[in-house]
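Reader: I want to learn to read a fold feature by feature. Can we take it step by step?

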Amino acid sequence: MTYHPKSEFLHVMQERGFLADCTDLQGLDEAMAVGIVPAYIGFDATARSLHVGSLIQIMMLRWLQKTGHKPLVLMGGGTTKVGDPSFRADERPLLTGPQIADNIAGIKEVFRSYVTFGHGATDALMLDNAEWLDELNYLEFLRDIGRHFSVNRMLAFESVKSRIDREQSLSFLEFNYMILQAYDFLELYRRYGCRLQMGGSDQWGNIVNGIDLTRRVADHEVFGLTSPLLTTADGKKMGKTADGAIWLNADMRSPYEFWQFWRNTADADVGRFLKLYTELPVEECARLGALSGAEINAAKIRLANEVTTLAHGAEAAAAAEATAREVFEKGGAGDDLPRLALSAGEIGDGISVVQLFVRSGLAKSGKDAKRLIAEGGARLDDAPVTDAGQMVDAARLAAPLKLSAGKKRHALVTLGD
């Protein structure tokens, strides 16, 4: 029997495909129907940007605020020092304090495009769990918090059990992660009245731990809600491509490349992605997703424009579409393509096409570039490259040189000072 939520937030979550599971759907719905519910999602600072795989959680925070509740964006300045072992085969590399601080600074920029920060009742807050985790006294923490956790139960959580079943080492450091995340929920409840933790379905065990701890220590009911772990229609993990992660920060993945990622969405994913990653009405998402043939391409452009506008602004989306039209429809070298600027000193008597493809990011290595050339996928100014030993001299770069890897990936090489 389908539950019909009273609260606008849960109605949106259910209708648009965000809802995988909830610890007490009816209880949460009643709480959200009568007042403002502060809710949080945690993001560990393992890189300078989040990628598209985190966008579903970011959109959940956006919808939370749009429906009258308070988003708490929790940076894992403390938990990143441990590393989440959930469903991983090995331990995450340990980062230094300065690396974590640098990553947090980069990640913060992402959220300014999606939620409004401030001190009002529904304004978002940007928090860092290092504020309370760095100050913990180990013995006091063991006595006051550790006693509420059953090792037997923790070992039974699928995120940990899968690692042990594969006989892959789980360090004591990593084993502490779920306790620290649970403690985050308790602290956020104490400090900000947080009633809800959200996350991907791989975080279910960690979320349940936090709910149990808050109930035991603070004697109060809090809730957990998870979103599905998304894969594309071809079974690939969302946000990862052969060309690497699709980062949300413009300095790590250009708005044009970001736009192009969504433009290349598989036909079968269009309707679902429109519901999750845009704010178009559900009926319009369904209509666009049901198109076929040449018409589905118009739906993909709409998807790319809507998602890029949210992430990078309307001007960036319009520029990306204009560049795509210039490149694909007119065979030009659009102004917004990723660029590689070379000095005359770097070029010398000439630079090989293999180096150009590697340095522009269109190939991961010289071997990858040579394979691209051998398979007929490499072009210079739309002319096929047939010789991996071909050289390009400074004269050839008097005007920008367009590199193409296949039909959809392009870059410009220019001559700088």
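Author: What follows covers the sheet, its helices, some aromatic rings and one arginine.

Author: This is a predicted model, where local features need pLDDT of at least 70, side-chain atom pairs count only at pLDDT 80 or more, and totals for chains, interfaces and linings use all residues. Residues are numbered from 1 along each chain as its sequence is written, and side-chain values use heavy atoms, with hydrogens and water left out.

Reader: What is the strand order in the open sheet?

Author: General idea: strands of a sheet pair through backbone hydrogen bonds, either parallel or antiparallel. Two strands pair if DSSP finds at least two bridges between them. Strands (E, at least two residues) and helices (H or I, at least four) are DSSP runs, numbered from the N terminus. Here six strands run β1-β6-β5-β2-β3-β4, with mixed pairing. β1 (21–22) and β4 (125–128) stand at the edges, each with a single partner strand, so one side of each has no neighbour in the sheet.

Reader: How many bridges join β1 and β6?

Author: Two, in the antiparallel sense. Cys22 stands opposite Leu225 in β6.

Reader: Which strands does helix α11 touch?

Author: Contact means heavy atoms within 4.5 Å. Axes are lines fitted to C-alpha atoms, for helices over the stretch in contact, and angles run from 0 to 180 degrees between N-to-C directions. Helix α11 (residues 204–218) touches β1, β5 and β6, and its direction makes about 170° with that of β6. Helix α10 (residues 177–192) lies across β2, β3, β4, β5 and β6, at about 145° to β2.

Reader: Why is the pair of Phe258 and Trp262 edge-to-face?

Author: Rings of Phe, Tyr and Trp (its six-membered ring) pair if their centres lie within 6.5 Å; planes under 30 degrees apart count as stacked, over 60 as edge-to-face and the rest as tilted. The structure holds eight aromatic pairs. For Phe258 and Trp262 the centres are 6.1 Å apart and the planes at 65°, so the pair is edge-to-face. Trp262 also pairs edge-to-face with Phe273, at 6.0 Å and 80°. That pair ties helix α12 to helix α13 (residues 270–277).

Reader: Are Trp262 and Phe273 buried or exposed?

Author: Buried means under 20% relative accessible area, exposed over 50%, partly exposed in between (1.4 Å probe, protein chains only). Both Trp262 and Phe273 are buried.

Reader: Where is Arg253 found?

Author: In the loop between β8 (244–245) and α12 (255–263). Arg253 is buried, at 8% relative accessible area.
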